[in-house]
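Visitor: I am new to reading protein structures, and I would like to go through this one slowly. Could you guide me through a few of its features?

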Amino acid sequence: MLDGTRFGEVADVYDDARPAYAPGLAEALAAYHGSTPGDVLEIGAGTGKGTAVLHALGGRLTCVEPDPRMAALLAARFPAATVIVAPFEEAGAGPADVVGCALAWHWLDPERRNRLAFDALRPGGTLAVFGHRYDYADPAHRRAFDEAFAAVDQTPAVVRDDAWVHRDVLASGLWADVRAEATSRTLPLDAAAYLRLVRTFGPFRAKSPQAQERTLDVLARTLDALGGGTVLDLRGFLVLARRPANRAGVAPRADN
């Protein structure tokens, strides 16, 4: 796993500021899987935002989280879960009937993440990668915030489109019955809530303390100019795939 421990510095803020996932995810996952799983494994569980979705499936839950500060909040929230404090690449977790990953797929080693998730599943098991991309409901707000971030740091941002996880899972050639679903919902935020959310983003956490303060100052002035808040467009995604029940190696193409 890449540096997924930077969020532990603001674990309480992360747990409070990050929005819950879209309603209906657990139902969609359960319908795809087809039965109540015996064992559910979560990759990069954080403080438990995605765990709430996976917990609803009803199986025995094991959560892998590399940061002990995040894991402490997770364990308190889901005391019946087994929490492994380690990077997923080193955890040796599994086997499971469902492997879930909420907004952590990009933190995993891109050369190994599909194979490791595949190997952690029992034959016939389900992979579920889900999350949301943060956008702005108003294009004028998007431009204003793009300009604000660029005024502090002109390093090009890593922008992943809505379908990148779907392409990544398909390109591995491992999985059968690959499907993707998309949602969109709005999230109004006042200035304080927006700034708390920004404090939990990976690129912000990677900045020096001085750069973080400059960023928050510029964003606060931008929010003032926009009327004291903004409305986010949470562009949700759910990618589902199956480890073939009768094959240990490369899965059939999803379009066969």
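Visitor: Which handedness does the crossing of helix 7 and helix 11 have?
Guide: In this predicted model, the axes of helix 7 (residues 139-152) and helix 11 (residues 209-225) come within 9 Å and cross at roughly 150°. Angles over 145 degrees count as roughly antiparallel, and therefore helix 7 is roughly antiparallel to helix 11. As for the handedness you asked about, the crossing of helix 7 and helix 11 is right-handed.

Visitor: Through which helix does the chain cross from strand 2 to strand 3?
Guide: Strand 2 (residues 60-65) and strand 3 (residues 82-85) pair in the parallel sense over four bridges, and Glu65 stands opposite Val85 in strand 3. The β-α-β crossover that takes the chain from strand 2 to strand 3 is right-handed, and the helix it passes through is helix 4 (residues 68-77).

Visitor: Is Leu103 buried, partly exposed or exposed?
Guide: Leu103, found in the loop between strand 4 and helix 6, has a positive phi of about 50° although it is not a glycine. Buried means under 20% relative accessible area and exposed means over 50%, so Leu103, with a relative accessible area of 22%, is partly exposed.

Terms used
Residues are numbered from 1 along each chain as its sequence is written. This is a predicted model: local features need pLDDT of at least 70, side-chain atom pairs count only at pLDDT 80 or more; totals for chains, interfaces and linings use all residues. Side-chain values use heavy atoms; hydrogens and water are left out. Two strands pair if DSSP finds at least two bridges between them. Helices (H or I, at least four residues) and strands (E, at least two) are DSSP runs, numbered from the N terminus. A crossover is right-handed if, with the strands pointing away from the viewer, the path from the first strand over the helix to the second runs clockwise. Axes are lines fitted to C-alpha atoms, for helices over the stretch in contact, and angles run from 0 to 180 degrees between N-to-C directions. Angles under 35 degrees count as roughly parallel, over 145 as roughly antiparallel, 65 to 115 as roughly perpendicular and the rest as oblique. A crossing is left-handed if the near helix is turned anticlockwise from the far one by less than a right angle, and right-handed if clockwise. Buried means under 20% relative accessible area, exposed over 50%, partly exposed in between (1.4 Å probe, protein chains only).
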